[in-house]
Amino acid sequence: MNSMKKRITAALTAGILAAALAAPAQASATAEPIRISSYKGSTLEVGERSGLMIGPSGAEYTVTSSAPDIVAVEQVLTFWVAVAKAEGSAEITAVNSVGGRGTVTLAVGSAASIAPTDSDSENNASQTTTSNMDIRQEMIQLINQTRRENGVAELPVNDALMSAAQTIADKRYSWHHTQEECEAAVEFGYLNGFGTNLTVFTSVATEDTAQRAVDNWINSPGHFQTMIDPKGDCLGVGVAEIGTVTYCYMFIGIPNSVTPYG
């Protein structure tokens, strides 16, 4: 009898010890670090709005600002947006339900130098409306979701590639212009090589533009391979909606490679 009690006690003790040792490892695995960045960069002008790119995708986040009077944060549908209120700086923090945490510091300067002076400026500004920003954020999430589902790492947003991709999308190309793509990337400060995807389609008001663009790339073998390229280390997308026609563009940055027109 005593021998049986000893065996039971030993088994219980071993089970409790194993659970105690496993719990911290499990918590550590689920509390994955959070990536957070502003697609318009770390410096904003007073009055500007910038989408916040937060990853890994597929999770719910709570986002706060250390100085809401300088940079406020707003949730638009399923996305988060930073709103520059006054000059200064603020730390933006994103947390999830399992203890993951990420921060980015945004600085705000004067808005005097960005007032539009003509109709062309107003047309260009229309490309960075909240609607455009939401589509681009959703595209980033869908691309990263596709990568994750296919066993490759999600990609952080690169501000230079975001700007370059939007520049190319605004040109309304229906085929690739390699030299201009390279020159746009270099102009905004990205000096490595990259992979590119382009899709153009006629859209309707009720259509999910981001989903349509990513689905087009998934259904095209060459575009799909570019989207899930394991050599990629960063990402940028652009969207231009002209009437009923939508132009979507994607850069996948590839380190240790060069642009032929750099």
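This report covers the sheets, helix packing and nonpolar cores of a predicted model.

## The three-stranded sheet

Three strands form an open sheet in the order E9-E11-E10, and their pairing is antiparallel. Strand E9 (192-202) and strand E10 (234-242) are the edges, each pairing on one side only. From one strand to the next, the twist averages 15°.

E10 and strand E11 (residues 245-258) run antiparallel and are joined by nine bridges.

Helix H4 (residues 159-170) touches E10 and E11, and its direction makes about 30° with that of E10. Helix H5 (residues 178-187) touches E9 and E11, and its direction makes about 120° with that of E9.

## How H4 meets H5

The two helices also pack on each other. The angle between H4 and H5 is about 145°, and their axes are 8 Å apart. The crossing of H4 past H5 is right-handed.

H4 brings Leu161, Ala164 and Ile168 to the contact, while H5 brings Glu180, Glu181, Ala184 and Ala185. By class, the contact of H4 with H5 has five nonpolar residues, two charged and no polar.

Strand E7 (residues 88-95) runs antiparallel to strand E4 (residues 62-65), with four bridges between them. Thr62 finds its bridge partner in E7 at Val95.

E7 is also joined to strand E8 (residues 101-109), here by eight bridges, and again the two run antiparallel. Ala94 stands opposite Gly102 of E8. E7 and E8 form a hairpin with five residues between the strands, where Gly99 takes a positive phi near 95°.

## The largest nonpolar core

The largest nonpolar core holds 24 residues. Met139, Ile143, Leu235, Val237 and Met250 touch the most other members. Helix H3 (130-149), helix H6 (209-218), helix H7 (221-227), E10 and E11 each give two or more residues to this core. H3 supplies the largest share, with five residues.

Met250 shows how such a residue is surrounded. Leaving aside residues up to four places away in sequence, Met250 touches Ile143, Gly195, Thr196, Asn197, Trp217, Thr226, Met227, Leu235, Gly236 and Val237. Among these neighbours, Ile143, Leu235 and Val237 are also on the list of residues that touch the most other core members.

Another core lies apart from the largest one. This other core has 19 residues, including Leu52, Ala82, Ile92 and Val104.

Ala82 belongs to strand E6 (residues 79-84). Ala82 counts as buried because its relative accessibility is 0%, and the cut-off for buried is under 20%. Beyond residues up to four places away in sequence, Ala82 touches Glu48, Arg49, Ser50, Leu52, Val71, Ala72 and Leu106. Of these, Leu52 is also named in the 19-residue core.

Ser38 and Ala82 are 44 residues apart along the chain, and their C-alpha atoms are separated by 7.9 Å.

Technical notes:
Residues are numbered from 1 along each chain as its sequence is written. This is a predicted model: local features need pLDDT of at least 70, side-chain atom pairs count only at pLDDT 80 or more; totals for chains, interfaces and linings use all residues. Side-chain values use heavy atoms; hydrogens and water are left out. Two strands pair if DSSP finds at least two bridges between them. Axes are lines fitted to C-alpha atoms, for helices over the stretch in contact, and angles run from 0 to 180 degrees between N-to-C directions. Contact means heavy atoms within 4.5 Å. A crossing is left-handed if the near helix is turned anticlockwise from the far one by less than a right angle, and right-handed if clockwise. Ala, Val, Leu, Ile, Met, Phe, Trp, Tyr, Cys and Pro count as nonpolar, Asp, Glu, Lys and Arg as charged, and the others, Gly among them, as polar. A nonpolar core is a set of buried Ala, Val, Leu, Ile, Met, Phe, Trp, Tyr and Cys residues joined through side-chain atoms within 4.5 Å. Buried means under 20% relative accessible area, exposed over 50%, partly exposed in between (1.4 Å probe, protein chains only).
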